[in-house]
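This report describes the chain in general terms and then turns to the packing of a pair of helices. Please keep the structure in view while reading.

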Amino acid sequence: MDKLLVVNNVSKIYGDYKALNNVSIEVEKGSIFGLLGPNGAGKTTLIRIINQITMPDTGSVILDGEPLKPHHIKYIGYLPEERGLYKTMKVGEQALYLAQLKGLTKQEAKERLKYWFDRLEIGDWWDKKIQELSKGMAQKIQFVVTVLHKPKLLIFDEPFSGFDPINANLIKDEILNLRDEGATVIFSTHRMESVEEMCDHIALIHKSNKILDGKLVDIKRQYRNNTYEIGLITPNHTATSASLKERFEIFPATFKSINDELQYKIKIPDSVSPNDFVSYLTSLGQLTHFVEVVPSASDIFIETIQKN
Amino acid sequence: MNHLPLIIKREYLTKIRNKSFIVMTFLSPLIFVGIFALVAYLSSLNNDTVRKISVLDESGLFLEDFSSTPHLQYKMLSDTNLEDAKKEAETEEVYGLLYIPKTGDLEGLSKEITFYSEDSPSLSLMGDINDMLESKVNTLKLKESGIDSETIKELHINISANQETFKGKETSKLGSGLKLAFGGAAGYLLFMFIIIYGNMIMRSVIEEKTSRVIEVIISSVKPRVLLLGKIFGTTLAGITQFVVWVVLILVLMTVVTSVFGIDPSAGSPSQQVLENSVNGGTQQILNDVMIEINNLPIANLIIMFLLFFVGGYLLYASLYASVGAAVDSETDTQQFMMPILMPLILAVYVGFFTVIDNPHGTVSQVFSYIPFTSPVVMLMRIPFGVPLWQQIVSVVILFASFIAMVWFAAKIYRVGILMYGKKPTYKEIFKWLKY
């Protein structure tokens, strides 16, 4: 697949502090790319380099086959984590101003704003000042301004902060919708459940270095460890538990069930195939529950950070 | 750069729509004219009181010399003695009693004249009376020595040396005064403009940071363009306000003076006397002034005034902008204010002391090239005649410094964004320049 954005061996040093060390990422067209990492890892620095707010000390950034140039700003929509709007300016005027800075004509900006304001049902805010709006309302305006110029690359830094669950869902759907219409999204967040739901590809940055990169499913495959969650109805729970403990590594597990059963997470050795394991379990009693434990994005995040 | 007009427009509109800006634009002239009217009214109240002074002249030498004016009435007493006169003065509520005793000679008389009053008499009144008595006594004394005072007047010659340059251009004291007045006014105007509107630019630069809109803006616009837009937009708003002020003050002044019948040029009574004494000469002085003004290089002055005013203002504006770029909030700006105003104050001092003393001396020359002082110093020098190439070099340096200053501010701005919440020190800012 085509790459929209390629970051090659980028390093950035502030004074004595190395904010990024030889980081490379590749973002495929039409995908949602999750840029993860603990606070202060260097994510924002990387995003600022892509937005040409700062320049890399070494390395290069290629957007759609061309080295990054000033005119590329109109292909990028950026919603920073530290965000706000001019408080004393009216919503409509402000949106028009910001859209024009991104290279839209006033007429284009007006038409598209009307479309978005109708879509998000915020049309009657046009003449209000930002300071009269709630934080969530202002965030909505900010979202509209970010996507208004139909950028090829959308960069969202913590897009859901400040939204209630309903509006967070609304924005999530809009982001997925934009992806379906052809936009590529870079997505930086600490909310692992939204990474799980939305990202096709993730990269993990820790202490200025990239320590993990790949398709989310591939990474999950890589991180699975033959662990299964089982539910088993047996004549004698104690005896069965004991014999299971003898043969496997077992961990307590709880899941909702209408049965009175044994619930365990069991890690089986690589030599045992899942099929053999299932037949062994059925020999012990009635198998009611059998699920492979797939590591969550959050687990992977924590495990990888701790390993490094 | 195509964003510049857009940013200027936004900055301008935001400024002039601001409520406190509108209020100040219209309130300031009202307050100014109000205070002026109040002062004029109060001093006219003062002038309306009529002072009555009784004079008991036992010597009989001054009987014809006391002439009453609308504000001062003399009442000549006769056929009475000092004690009665004092009593009468007290009961009749006169301002005071002037007693001139009869003495043998004029020296004795000069020591014996006494003024009696309720409280200490007004200084200016006593000065006037003393002057009048003194000149009369002196005339009498001259007569006593057999010299006619008319003869002395005829013999007196006034000296005022003609001034001329080596090239044959006539100069005059009056001309020098005018040149200074022009330079001083220009310097003062620039000074005021910078102080009033410099802060406004600084606040406007901080605005993006406090509202946190900065990263959105800076991902669309180069900091240099943003800062330039802010400087120009705010300057235009400042000029708008200034023009409104001048027009409003002129209109209000006209209204006030015509309604209250105050003549703003009417000064103190002594000034009136002065004017009366040279009444015939007023026209002459006016003519001299016109001639001197015509002698000034008018076109050169006006063009250079505009260039230096704009350049000087922009340079200082960009200084204020760099302070705004370096800090997160207005409270952090204090430590940077003094260093900004110092060169400006220095310029005014150099202008008023060194340039007056020696317009083309080394010090004056040097300071008329340094961009932070040249707008004031060079403007004060130009009326005294500065070669054109020097003026052009100075203007070029000034505008180049402005561009450099904006570049500097933009550099600080770009880094300042990345350092949220850190209070900058000079050392830190120096480090930022290298990023």
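## Secondary structure and burial

In this predicted model, chain B contains 17 helices and six strands. The chain has 435 residues, of which 27% count as buried.

Contacts across the sequence may also be considered. When contacts in chain B between residues at least 6 apart in sequence are taken, 73% of them join residues at least 24 apart.

## Domains

The domain assignment divides chain B into domain 1, covering 50–146, and domain 2, covering 179–232 + 278–432.

## Packing of helix 13 and helix 15

Helix 13 of chain B spans residues 334–357, and helix 15 of chain B spans residues 374–381. The axes of these two helices are 8 Å apart and form an angle of about 25°. Because angles under 35 degrees count as roughly parallel, helix 13 of chain B is described as roughly parallel to helix 15 of chain B. The crossing of helix 13 of chain B and helix 15 of chain B is right-handed.

Which residues meet where helix 13 of chain B and helix 15 of chain B are in contact? Helix 13 of chain B contributes Ala347(B), Val348(B), Val350(B), Gly351(B) and Val355(B), while helix 15 of chain B contributes Val376(B), Val377(B), Met380(B) and Arg381(B). By class, this contact of helix 13 with helix 15 of chain B comprises seven nonpolar residues, one polar residue and one charged residue.

Terms used. Residues numbered from 1 in each chain as written. Chains lettered and ligands numbered in written order. Predicted model: local features only at pLDDT ≥ 70, side-chain atom pairs only at ≥ 80, totals over all residues. Axes fitted to C-alpha atoms, helices over the stretch in contact; angles between N-to-C directions. Helix = DSSP H or I, 4+ residues; strand = E, 2+ residues; numbered from the N terminus. Parallel < 35°, antiparallel > 145°, perpendicular 65-115°, else oblique. Left-handed = near helix turned anticlockwise from the far one by under 90°. Contact = placed C-beta atoms within 7 Å. Nonpolar A, V, L, I, M, F, W, Y, C, P; charged D, E, K, R; others polar. Buried ≥ 20, exposed ≤ 12 C-beta atoms within 10 Å, placed from the backbone. Domains from an automatic or database assignment.
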